[in-house]
Structure formats: structure tokens, C-alpha cells
Amino acid sequence: MYHFIVNPNSRSGLGLSLWAQIEPELQKRKIDYTVFFTQYQKHAWEYTEKLTSDHTYHTLVVLGGDGTVNEVINGIRDLSKVTLGYIPTGSSNDFARSFKIPSDPLKALEIILSPSDYSYMDVGCISYQNKKRRFAVSSGIGFDAGICHEAVVSRFKIWLNKIRLGKFTYSLIALHRLFLTIPADITLRLDRQNPVVFRKGWFVTVMNHPFEGGGLKFCPAAKPNDGYLDIIVVSGFSPLRLLSVLPFAFAGLHTRFRGIRTFRCKTAEITTTRTLPVHTDGEPIFLQRHLCVSMEKKRLKIIIS
Ligand SMILES: Nc1ncnc2c1ncn2[C@@H]1O[C@H](COP(=O)(O)OP(=O)(O)OP(=O)(O)O)[C@@H](O)[C@H]1O
């Protein structure tokens with residue numbers, strides 16, 4: 001039995017029309033399935049929590065963007081008792097990008113219905129103010145999270161999705177945020193070693209996958225199943241210099257510039273001198289000053305081909 005979780009509003013409403021391509025195929029092939037449509041934020045989380053609370057084995061299929069994947073992963077009671085399939089319909093689709101899941105919904109469905117390979121994905125986790133939230137792709141504090149916060153409220157994303165340029169949403173909002181962000185000093189402590197301070201920090205992002213923000217290859221060496229988290233720290237830049245360097249991240253060539261550092265770790269503690277926006281998989285988590293990052297002990301089985 002496949003349990004489809006559909007965000008009809010993903011890519012500004014395209015999710016529903018893509019489901020209309022998927023359902024006839026399921027019916028034609030007499031596939032045993034249920035479908036659940038999310039109606040509001042965290043609805044996918046609530047539903048997944050209820051569904052998986054019987055602690056039996058489930059195959060869940062997400063049709064949505066990275067934000068819906070994030071909510072489903074957060075709702076799973078026992079990561080070892082779920083197999084996850086994914087049909088990408090979001091604006092940025094960074095989760096699908098590194099697993100090379102096709103963007104054509106029928107091709108992605110074909111893989112789910114006749115799988116030949118799986119990945120056992122690490123699941124990241126941030127803790128803040130006695131709360132905990134998992135992430136699949138990345139979680140960051142500072143400039144990149146500010147972009148996610150703005151994307152949620154911006155009409156710009158809707159407009160770009162309408163003209164099929166949704167993947168540029170985050171890059172274009174980044175241009176706007178570049179001149180609004182005031183860098184803060186950031187202290188990073190990896191694997192309980194000595195802390196390192198980065199002056200004028202723009203952002204720190206913990207990456208499980210190499211890409212975020214619609215194809216920015218922030219941590220080119222990150223692998224979602226290697227048992228490690230990769231980290232990028234960007235500090236000491238002027239806005240104009242950052243603007244000239246960031247496009248290199250689409251090719252993963254930004255790491256050669258001074259002011260950009262990458263690390264690999266199992267745990268990280270991030271403290272900033274001011275409260276800054278935080279995100280997990282592009283979902284805003286308000287303003288924080290202190291985050292602890294780690295990985296879940298159990299991994300999640302993902303259908304990849
Ligand atoms: N019916 C709905 N109406 C409005 N928002 C919804 C609905 N269902 C879910 N959401 C919220 O939509 C947000 C974004 O969804 P999602 O990430 O799937 O799509 P996206 O934003 O188009 O893609 P991406 O994250 O790849 O940019 C999530 O925060 C989710 O909680």
C-alpha cells in the first residue's frame with residue numbers, strides 16, 4: 001500500500017495539477033493507495049505522525065517541495081519503519097536534485113512503483129529552545145534563512161512559478177536580502193572541539209545534501225548517506241563581493257574564495273551575537289541565537305531509482 005501525501009499548493013498550485021497526472025496512472029495499474037491533501041502548514045507533519053504511530057511498516061510518497069518532505073520526515077515516528085518515495089513538485093527541489101529523481105512526475109512515479117535502488121539517508125536534526133526539528137537537505141542560520149523567510153511571504157515566488165521560473169525564486173530574493181542583511185559574529189563548535197569565531201558572518205548552513213536554494217552547490221562534497229554533516233560558513237564579505245562570489249556556488253566553485261569555509265562533522269553548535277533567521281529545508285524557524293545540530297541515530301530508506 002502506498003500512502004501519497006500531496007501538497008496541492010506546491011509550486012504555487014502546480015502540485016494539484018501534477019497529482020491529476022499521477023492518479024489515473026495509479027488507477028490504470030490497479031495500485032493499492034491512499035491519498036492525503038495538505039491544507040495548511042504542518043498538516044503533512046500531523047498526518048504522518050498519526051499514520052506512523054501504529055509502528056508498522058509504511059511506504060509514503062510525497063508529492064510536493066522540499067518543505068513538504070521536511071514536514072513528513074518530522075512526522076515519522078520510527079525512521080526505520082518507513083520507505084519514502086518522492087515526486088518533486090516544488091520550486092527548488094534540492095532533495096530530488098542530489099538523488100537525481102526525475103522532475104517529470106510520471107517518470108518519478110515509475111521509479112516508485114518499480115524501484116531498483118534505495119539510499120539510506122542520514123536525517124539531520126536541530127535543537128533550539130528545548131525544541132527539535134529534523135531536516136533532510138539543510139538547515140541554516142543567517143542570510144540564507146532570511147531568504148527562506150522572505151520567500152514564504154513574497155508574491156514574487158508565485159509570479160515566478162507562474163512563468164515557470166520558480167527555480168530562480170531564491171536567487172532573486174537573495175539579491176534583495178543582500179542589501180538588508182547586517183552580518184553578525186558567529187561562533188562554531190564542531191564535534192565538541194574548540195570553538196572558532198567568524199567575524200562579520202553572513203550565514204552558517206549545515207548540509208546533508210550538496211544543494212540548497214534551488215541548485216546552489218554549497219557543500220559540493222556532501223553526501224546524504226555518508227554519516228556526516230557538511231557545513232559552509234560565509235563571513236567577512238562586503239555585499240557586493242558576496243554578490244560576485246555567490247553565482248560560483250551553482251557550479252560548486254565558490255569554495256576557492258577567501259571568506260568561505262567548509263567543514264565536516266557529526267555535531268555542531270552555532271552561536272551568534274544577534275538573533276538571526278533560521279530555516280530547516282527552506283521552512284522558516286523564526287529568529288534564534290543558539291542552535292545545536294546533530295543526526296538521528298536511524299536512517300531513512302529513500303527510493304532513488
Ligand atoms: N494547502 C496548502 N496551502 C498552502 N500552503 C500549504 C498547503 N499545504 C502545505 N502547505 C505549506 O506549503 C509550504 C511549502 O511547500 P513545499 O515546500 O512543498 O512547496 P514549494 O514551496 O513550492 O517548494 P520548495 O520548498 O521546493 O521551494 C510548506 O510550509 C507547507 O506547510
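Where is leucine 172? Leucine 172 sits in helix H8, which covers residues 169–178. Helices here are DSSP runs of H or I with at least four residues, strands are runs of E with at least two, and both are numbered from the N terminus.

Before I go on, a word on what we're looking at. This is a predicted model, where local features need pLDDT of at least 70 and side-chain atom pairs count only at pLDDT 80 or more, while totals for chains, interfaces and linings use all residues. Residues are numbered from 1 along each chain, following the sequence as written.

Histidine 149 is one of the buried residues of helix H6. That helix runs over residues 143–153 and is mostly covered, with 9 of its 11 residues buried. What do those buried residues pack against? Their partners include H8, helix H7 (155–162) and strand S10 (196–207). Packing here goes by contact, meaning two C-beta atoms, placed from the backbone, within 7 Å.

Let's zoom out. The domain assignment gives domain 1 (2–122) and domain 2 (125–296); bounds like these come from an automatic or database assignment. The two centres, taken over C-alpha atoms, are 25 Å apart. Across the boundary, 20 residues of domain 1 are in contact with 30 residues of domain 2. On the domain 1 side, H3 gives the largest share, 6 residues. By class, that side has 7 nonpolar, 8 polar and 5 charged residues. For those classes, Ala, Val, Leu, Ile, Met, Phe, Trp, Tyr, Cys and Pro count as nonpolar, Asp, Glu, Lys and Arg as charged, and the others, Gly among them, as polar.

H3 turns up again around the ligand. The ligand is surrounded by 23 residues, and the closest are Gly64, Gly65, Gly67, Gly90 and Ser91. To be near it, a residue needs its C-beta atom, placed from the backbone, within 6 Å. Helix H1 (10–28) and helix H3 (66–75) each supply at least two residues of this shell, and the largest share, 4 residues, comes from H3. The shell divides into 2 nonpolar, 16 polar and 5 charged residues.

Last stop, the inside. In soluble globular proteins, nonpolar side chains tend to be buried together. Which residues touch the most other members of the largest nonpolar core? Out of 77 residues, the answer is Val62, Leu63 and Tyr86. A core like this is a set of buried Ala, Val, Leu, Ile, Met, Phe, Trp, Tyr and Cys residues joined through C-beta atoms within 7 Å. As for valine 62, leaving out residues up to four places away in sequence, its contacts are Ile5, Thr68, Val69, Val72, Leu84 and Tyr86.

Note on methods: A residue is buried if 20 or more other C-beta atoms lie within 10 Å of its own, exposed if 12 or fewer, and partly exposed in between; C-beta atoms are placed from the backbone.
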